[in-house]
Amino acid sequence: MQMESQMEAVKVEGFGPDSGVEDLGRCVDEISTTVSRFYLTTDNMELTITKSASAFKEKVKEKQLTGLEKQQQEASQREAAALKRMQELMRQFATILRQITQHKWAHPFMHPVDVEGLGLHDYYEIVQKPMDFGTIKSKMEAKDGTGYKNVREIYSDVRLVFKNAMKYNDERHDVHIMAKTLLEKFEEKWLQLLPKVAEEEKRQAEEEAKAELDVKLAQEAVHANMAKELSNELCEVDLQLEKLRQIVIQKCRKMSTEEKKKLGTALTRLSPEDLGKALEIVAENNPGFQPTAQEVDLDIDAQSELTLWRLKVFVQDKLKLAGKCSEAVVCNNINNNENTIKSNSKRRREISDALTKNAIKRNRKLSPNS
């Protein structure tokens with residue numbers, strides 16, 4: 001059958017919202033019974049899907065926990081190994097520090113500066129961060145987590161001891177000379193340990209980068225597995241829905257030739273927008289059908305029963321809604337006409353009353369008794 005995008009309204013006899021209701025009702029009952037039996041046969045598909053989704057989430061959570069535990073275990077092992085290597089470096093650094101503190105000129109730097117006892121009232125104005133070997137030793141032996149984390153932290157504090165003394169005291173002062181001499185000796189010994197420190201720092205940086213990469217790859221792997229398993233679950237759901245669709249199609253009563261004819265005629269009564277939606281229903285089961293073409297060739301007889309029944313229900317709903325809208329428009333027009341008639345009647349009464357009053361006034365003026 002040939003249909004233009006803009007179809008003229010055609011009155012269809014015998015095709016209305018209630019046409020074929022009994023047959024459609026019987027078809028719906030049969031489908032409902034079949035669907036109920038289908039759910040029972042598949043042990044309630046919705047519940048199965050819900051359980052599958054829950055199981056899937058639990059499985060993903062378990063995998064994530066397993067991966068997280070493995071990463072935490074590997075991280076703990078790396079940290080333990082790095083700590084052991086750093087402790088060895090600290091032990092070697094402690095040997096250097098002991099050699100410096102045993103020097104005959106080290107005694108001024110073994111304890112905090114006695115600012116009040118020596119009357120050094122401007123000391124804290126010049127030295128912002130005081131440091132001494134006694135404080136360094138206590139921090140190296142701390143077990144409460146406040147100690148040094150690496151060798152470079154100790155190195156910085158040892159240099160600070162000498163730098164403070166050189167900053168506060170004049171170049172010719174004994175303390176300045178002693179601090180400068182010990183600092184030079186310390187730097188010489190530090191240069192011997194520095195390659196090992198640099199190697200360990202490089203190793204730790206590489207291990208941290210590798211750990212971050214491993215975490216990222218593990219997360220990507222988990223997400224990929226999630227997507228794959230979810231895709232499998234959705235495929236299974238699609239298969240179940242396709243089975244249900246085939247059952248519904250088989251249970252649809254074949255539409256008679258007369259019903260098809262009425263359906264085709266009723267399609268011409270739809271608005272352009274609703275007609276487009278109806279053609280989209282046809283296109284769902286007809287890949288080659290072009291619902292948006294300028295001219296559409298729709299063969300009602302070539303459509304599946306499921307498509308025909310879907311079209312019938314859609315057309316009935318839209319025509320029923322259009323009928324209600326038309327009734328509303330008619331009622332509104334009637335009300336407007338009634339209001340206009342009432343307004344005109346009122347105006348005529350006012351004009352008539354005004355003419356009557358004027359006639360009475362003229363009569364009074366013409367009366368002999370005036």
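Student: Is Arg172 buried or exposed?

Tutor: This is a predicted model, where local features need pLDDT of at least 70, side-chain atom pairs count only at pLDDT 80 or more, and totals for chains, interfaces and linings use all residues. Residues are numbered from 1 along each chain as its sequence is written, and side-chain values use heavy atoms, leaving out hydrogens and water. Buried means under 20% relative accessible area, exposed over 50%, and partly exposed in between (1.4 Å probe, protein chains only). Arg172 has a relative accessibility of 73%, so this residue counts as exposed.

Student: Thanks! Which residue meets the side chain of Arg172 in a salt bridge?

Tutor: A salt bridge here is a side-chain nitrogen of Lys or Arg within 4 Å of a carboxyl oxygen of Asp or Glu. The N to O distance for this pair is 3.4 Å. The partner is partly exposed at 44% relative accessible area; the residue is Asp170.

Student: And which residue pairs with Lys312?

Tutor: Lys312 counts as buried at 3% relative accessibility, and its salt bridge spans 3.6 Å, N to O.
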